[in-house]
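Take a look at the structure below. The report then walks through its helices, its core, its chain contacts and a sheet.

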Amino acid sequence: MQKAVIQLETLSCPSCMQKIENAVKGLNGVNQDSLKVLFNASKVKVDFDSETITINDIKKAIEDLGYPVVKSKVKSA
Amino acid sequence: MQRYILSKKNSITLISAILIALAFFGRFSIDNWALIIASILGVAPIGIQAYQALKVKVVSIDVLVTIAVIGAVLIQNYEESAIVTFLFLFGSYLEQRTLNKTRSAIKELTELAPESALKQMENGEYEEVDVDDVEEGDILLVKTGAKVPVDGTVLIGEGHINEASITGESVPVRKKVDSEVFAGTILENGTIQIRSDRVGEDTTFGRIIELVEEAQDSKSEAERFIDRFSKFYTPAVLVLGIIVWLFSKDIELAITILVLGCPGALVIGVPVSNVAGIGNGARNGVLLKGSEVINDFSRVDTIVFDKTGTLTIGNPEVAEKEFYGNNPEDVLGYLASVERESDHPLAKAVLQNIGETTLSTVEETEVIKGGGIVAKIGVHRIAVGNVALMEKENVKLSEKAKKDIVRFEKNGNSLVLAAVDGELKVLMGIRDQIRPGVKKDLQKLKLLGVKNLIVLSGDNQGTVDLVARELELTEAHGHMLPEEKSAYIEQIQAKGQTIAFVGDGVNDSPSLALANIGIAMGSGTDVAIETSDVVLMNSDFSRLPHALGLTKSTSRNMKQNITIAVGVVLVLLASLLFSEWMNMSIGMLVHEASILMVILNGMRLLRYRLRE
């Protein structure tokens, strides 16, 4: 399991958290319980299985929603 | 294409404002066309967001607005469609701007995080690298004016470091070889070479940032309820709109409901108060761990203090002394020589008080448990200790000495007596000083509505009573072991009191954990950060009243925001039913205004200061 911390551009709309949550949860290989979308910090924290999915897949899922990723970090969890 | 449109949202907002203005003031024949173009342009970014939301099965506000605008265009009400899209876009622009303001305090904090480091490479040269590429054990160079990139130890060099980002204390601290340095602090002068001990999120600064970041997004029970509620609320509004349309065949009414039902202010109200309140705290040396903590702390009616190190400085000093007989210089020399053998805290205070003196060789040192020390210096027999030891040594106490002893004890001193060859020579009264300003701070707490101020201590009852009387506390209990303190807290909790415990966070962790709110006087470096709910940076007691006042204001602010949000939706829906003037544009205007209102209300917390 790897732990991703993804910094987004400032989140301001109330429903964006829900959108990002659903989009990331729907991906194969992420640990749904570990997912945290931090509204004020504009960050997404999630554990994922690096054999099934890459950090770029997660980033793409978020960017496809229209939320640009500023930077991301991966650590072993 | 989608991303391009979204990135041009602000320009689109501006263009549609111009088009609407043209249509209204221009009185050209292009009126309708201008409005149609404004509607289409404006709905594009909203529609894209709505589409993306639906793809992940979320009925978002964008969905409601998009449907409403399309509906308005279909019934050829271009005025409404143009104005609603404009207001929605303009509103979200203002939301973003103002939200950034409320988050600014915490952003300032995270921006203090170091970004790069000068790392020693294999060839011995230093190269600038990203701070993420620094590992434990690396050798780094820090130059004047630069941020210390990691927690580490000084290997070479010296300088003064401003540690305000960690401790809140802005007087620079001198660092030399073997001193510890902390990430995020600033080297004001000198150049040092350090060894990296902890990096990234493991550094003290990293932990503080992580704590504050998690805190600003932590959710209370009420917020989780609102979140669950809004998940169903928006789809419910959509369903309601469809039902109204099916029954009344009135598209106008149906789409107006969609716009009025938007839940914006409700979802955003509490997080906004939370982030502004925690931000104010972080700026003022108070770390609050989330909105649950804010709510609990604001309701506290009893505050329990540990004495040593909390109400008092925790560093006993000689406060009074009396000499008996001649040659006090010689006696002090003997006293210092004997006390040097001991590591008792009172001995430390005595030595500190005596300072430089002539030391003699001490022989046959014997420690009397619960009494003191007896030793020989040359031909003299020296006894240093309490009254019990003097009695055991058959030291005669004069009437004056007996009176002095009573007086010293009444003043809250612990006693150290020294006798030479069975004759009393010196009496010293040692006590722990009360922190300056504590009395005033405690009065502020009372003014803020705290009913009981209680001190618990391991010291004797007399000393504790004295502190309690001096500080006008409501209760004082001495002779308490750590487990007795936590038992006491459990006991008063059972009486229904909401309790905050203030301690140094090291030996009081059971009490800190047990109390409704655990407040640690941490210098920001200890376990205190982990075990407590609130941390007072730099062990600064004077931040306690600010912390309590702030949580009260923040908690009130959250309630105001919930009231505003719910009130606005109710008023809008009611006026739709009972009044003539309500339409989509006014609905959107009121709705956006309510969002801005809760943000601006939250922003007030950033400026919160305790009234004198």
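## Two helices side by side

In chain B, the axes of helix α5 (residues 78–102) and helix α24 (residues 584–603) come within 9 Å and cross at roughly 5°. Axes are lines fitted to C-alpha atoms, for helices over the stretch in contact, and angles run from 0 to 180 degrees between N-to-C directions. Helices (H or I, at least four residues) and strands (E, at least two) are DSSP runs, numbered from the N terminus. The crossing angle therefore makes α5(B) roughly parallel to α24(B) (angles under 35 degrees count as roughly parallel).

The contact residues include B:V84 and B:L87 in α5(B), and B:M584 and B:M588 in α24(B). Two residues are in contact if their C-beta atoms, placed from the backbone, lie within 7 Å. The residues of this contact divide into 14 nonpolar, five polar and four charged. Ala, Val, Leu, Ile, Met, Phe, Trp, Tyr, Cys and Pro count as nonpolar, Asp, Glu, Lys and Arg as charged, and the others, Gly among them, as polar.

This is a predicted model: local features need pLDDT of at least 70, side-chain atom pairs count only at pLDDT 80 or more, and totals for chains, interfaces and linings use all residues. Residues are numbered from 1 along each chain as its sequence is written, while chains are lettered from A and ligands numbered from 1 in the order in which they are written.

## The nonpolar core

The largest nonpolar core has 125 residues. Such a core is a set of buried Ala, Val, Leu, Ile, Met, Phe, Trp, Tyr and Cys residues joined through C-beta atoms within 7 Å (buried: 20 or more other C-beta atoms within 10 Å of a residue's own, placed from the backbone). B:A68 and B:V84 are among the residues with the most contacts inside it. Helix α11 (residues 264–283) of chain B gives the most to this core, with ten residues.

Leaving aside neighbours within four places in sequence, B:A68 is in contact with B:V84, B:I255, B:L258, B:V259 and B:M584.

## Where the chains meet

Chain B puts 27 residues in contact with 17 residues of chain A. Helices α5 and α11 of chain B are among the elements that give two or more residues to chain B's side. That side has eleven nonpolar, nine polar and seven charged residues.

## An open sheet

Seven strands of chain B form an open sheet, in the order β8-β20-β19-β18-β9-β16-β17, with mixed pairing. Two strands pair if DSSP finds at least two bridges between them. The edge strands are β8 (286–288) and β17 (475–477) of chain B.

Methods
Angles under 35 degrees count as roughly parallel, over 145 as roughly antiparallel, 65 to 115 as roughly perpendicular and the rest as oblique. A residue is buried if 20 or more other C-beta atoms lie within 10 Å of its own, exposed if 12 or fewer, and partly exposed in between; C-beta atoms are placed from the backbone.
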